[in-house]
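I opened the model today and kept notes as I went. The entries follow the order in which I looked things up.

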Amino acid sequence: MKKVRVAVLGYGHLGKWHCQKVEAHKEVAEFVAIVEKFPASQEAAKAAHPGVRIVSDIKEIVNDIDAAFIVTPTSTHFELVKYLLENNKHVFCEKPVCSNDNEASKLKEVAAGKNVILQVGHSERFHEAWDKLRDKLQSLPTPYSVRINRYAPFKGRATDVDVVQDLGIHDLDLLMYLFKSKPISVVATGYKIRTDKWDHASIYLKMENECEAHVVVGRNATREVRDLEVVSKDGTIHIDLFANRFAVATSGKNEDGTFVVEETYGKRDHLFLEHKNFYESVRTGRPAVVNLKDGMNAVHLVDCTLKALDFDTTITVKLA
Ligand SMILES: NC(=O)c1ccc[n+]([C@@H]2O[C@H](COP(=O)([O-])OP(=O)(O)OC[C@H]3O[C@@H](n4cnc5c(N)ncnc54)[C@H](O)[C@@H]3O)[C@@H](O)[C@H]2O)c1
């Protein structure tokens, strides 16, 4: 089978890692080009990947590739995804796939009838903990409540977008992916602390199956926290995504008299797995692990949350 000829668009913070993963898949991918606008980053790309063409515009190499990884700022995603689809290229686009619902509907139109793979970079779906959580959820009585926290001290990155678009989108996607119940409404409160955009948001969602979710995201916190907790009348499940710890407190007592069972789980290379899945889809035609519909639903939930924040009201969610 022929290798997939690929380009990486954007050699910034995450683009560098994507380039490493392309190199790590040499048996299936031919690294054709890096597209980067900023001269200093072009130089860095040239030094790190001497055999790869470095250009400043996708148009210069579009005829020489089969697929592209978009790792540019979010505000550029829509135009780049649209251009690549129109040119019948397979696309891996970092999250979010575009900036709002309007752009998402346009991408849906462009993608219709195209025989190409479009995968979205919702990398948080690849934690090993989710396999175990899914098992537990199967026997969990509803309603239950879900709480997800994702906050960290200010890092100065991704300030072209608010914290819901940058971080919250991971958790809004996880809610739909893990709990298989659709959010039906959202209310939120937030603060603009360090930028002119929402830097902290506390998001409450009602789900179709009468469960509730509370997502807290922030980029001006005092410490770094990433965890998820599910509470039902059967007990509590807690996952610390930094410590890779899975803990369960049932409603009963353990054999040794304790009330909590803790175990650790393995760390996975999410980006590597995203690349592996993408090449498999491109080479075999298997549907993308995270597709345009998933990406659009995540963008819609972000849009609803931002409306809830901006207008201080409850917003009804209408997923695709
Ligand atoms: N999945 C995740 O967990 C995760 C983590 C971090 C970032 N991201 C996403 O990745 C994207 C990039 O984030 P980042 O932190 O690497 O940003 P960054 O600003 O560090 O890098 C972006 C790079 O793209 C270049 N660029 C801008 N417009 C371009 C264009 N039209 N063509 C080619 N290059 C262009 C810039 O010069 C810059 O070097 C964002 O959309 C972000 O949401 C995802």
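**Loop residues with positive phi**

I began with Lys-180, which sits in the loop between H6 and S8. This is a predicted model, so I kept to what was computed from it. I checked the backbone of Lys-180 and found phi near 50°, a positive value in a residue that is not glycine. Is Lys-180 buried or exposed? I counted 12 other C-beta atoms within 10 Å, so Lys-180 is exposed; the cut-off for that class is 12 or fewer.

I then went to Ala-158, in the loop between S7 and H6. Ala-158 also is no glycine, yet its phi is positive, about 60°. Ala-158 has 18 C-beta neighbours inside 10 Å and therefore counts as partly exposed.

**Cis peptide bonds**

Next I looked for cis bonds. The peptide bond from Lys-95 to Pro-96 is cis, with omega near -10°. I placed Pro-96 in the loop between S5 and helix H4 (101-111). The bond from Thr-142 to Pro-143 is cis as well, with omega near 0°. Pro-143 belongs to the loop between H5 and S7.

**The nine-stranded sheet**

I traced the strand order next. Nine strands make an open sheet, in the order S14-S13-S12-S11-S7-S10-S9-S8-S15, and the pairing is mixed. Which strands stand at the edges? They are strand S14 (260-264) and strand S15 (315-316); each has a single partner strand, so one side of each has no neighbour in the sheet.

I picked one pair to follow in detail. Strand S7 (residues 145-151) and strand S10 (residues 212-218) run parallel to each other, paired over seven bridges. Tyr-151 has Gly-218 of S10 as its bridge partner. Helix H6 (residues 163-179) packs on this sheet and touches S7, strand S8 (183-191), strand S9 (200-207) and S10. The direction of H6 makes about 155° with that of S10. I also noted helix H8 (residues 292-311), which lies across S8, S9 and S15 and runs at about 50° to S8.

I turned to strand S4 (residues 67-70).

I checked the partners of S4. Strand S1 (residues 4-9) pairs with S4 in the parallel sense, over four bridges. In that pair Val-8 stands opposite Phe-69. S4 also pairs with strand S5 (residues 90-94), again parallel and over four bridges. There Ala-68 faces Val-91.

**His-122**

I looked up His-122 in the loop between strand S6 (118-121) and helix H5 (129-138). How many other C-beta atoms lie within 10 Å of His-122? I found 25, so His-122 is buried; 20 or more is the cut-off. Leaving out neighbours within four places in sequence, I listed the contacts of His-122 as Lys-95, His-170, Asp-173, Val-290, Asp-294 and Ala-298. I also took the C-alpha separation between His-122 and Cys-93, which is 9.3 Å, with the two residues 29 apart along the chain.

**Two domains**

I noted the division of the chain into domain 1 (4-123 + 270-289) and domain 2 (125-267 + 302-316). Their centres, taken over C-alpha atoms, are 28 Å apart. Domain 1 puts 13 residues into the contact and domain 2 puts in 11 residues. On the side of domain 1 that touches domain 2, helix H7 (residues 270-284) gives the most, with three residues. By class, that side of domain 1 has three nonpolar, seven polar and three charged residues.

**The ligand shell**

I finished at the ligand. There are 24 residues around the ligand, and Gly-10, Gly-12, His-13, Leu-14 and Glu-94 come nearest. I sorted the shell by class and got eight nonpolar, 10 polar and six charged residues. Why do I place the ligand between domain 1 and domain 2? Both domains give residues to the shell, so the ligand lies between them.

Notes. Residues are numbered from 1 along each chain as its sequence is written. This is a predicted model: local features need pLDDT of at least 70, side-chain atom pairs count only at pLDDT 80 or more; totals for chains, interfaces and linings use all residues. A residue is near a molecule or strand if its C-beta atom, placed from the backbone, lies within 6 Å of it. Ala, Val, Leu, Ile, Met, Phe, Trp, Tyr, Cys and Pro count as nonpolar, Asp, Glu, Lys and Arg as charged, and the others, Gly among them, as polar. Domain bounds come from an automatic or database domain assignment. Two strands pair if DSSP finds at least two bridges between them. Helices (H or I, at least four residues) and strands (E, at least two) are DSSP runs, numbered from the N terminus. Two residues are in contact if their C-beta atoms, placed from the backbone, lie within 7 Å. Axes are lines fitted to C-alpha atoms, for helices over the stretch in contact, and angles run from 0 to 180 degrees between N-to-C directions.
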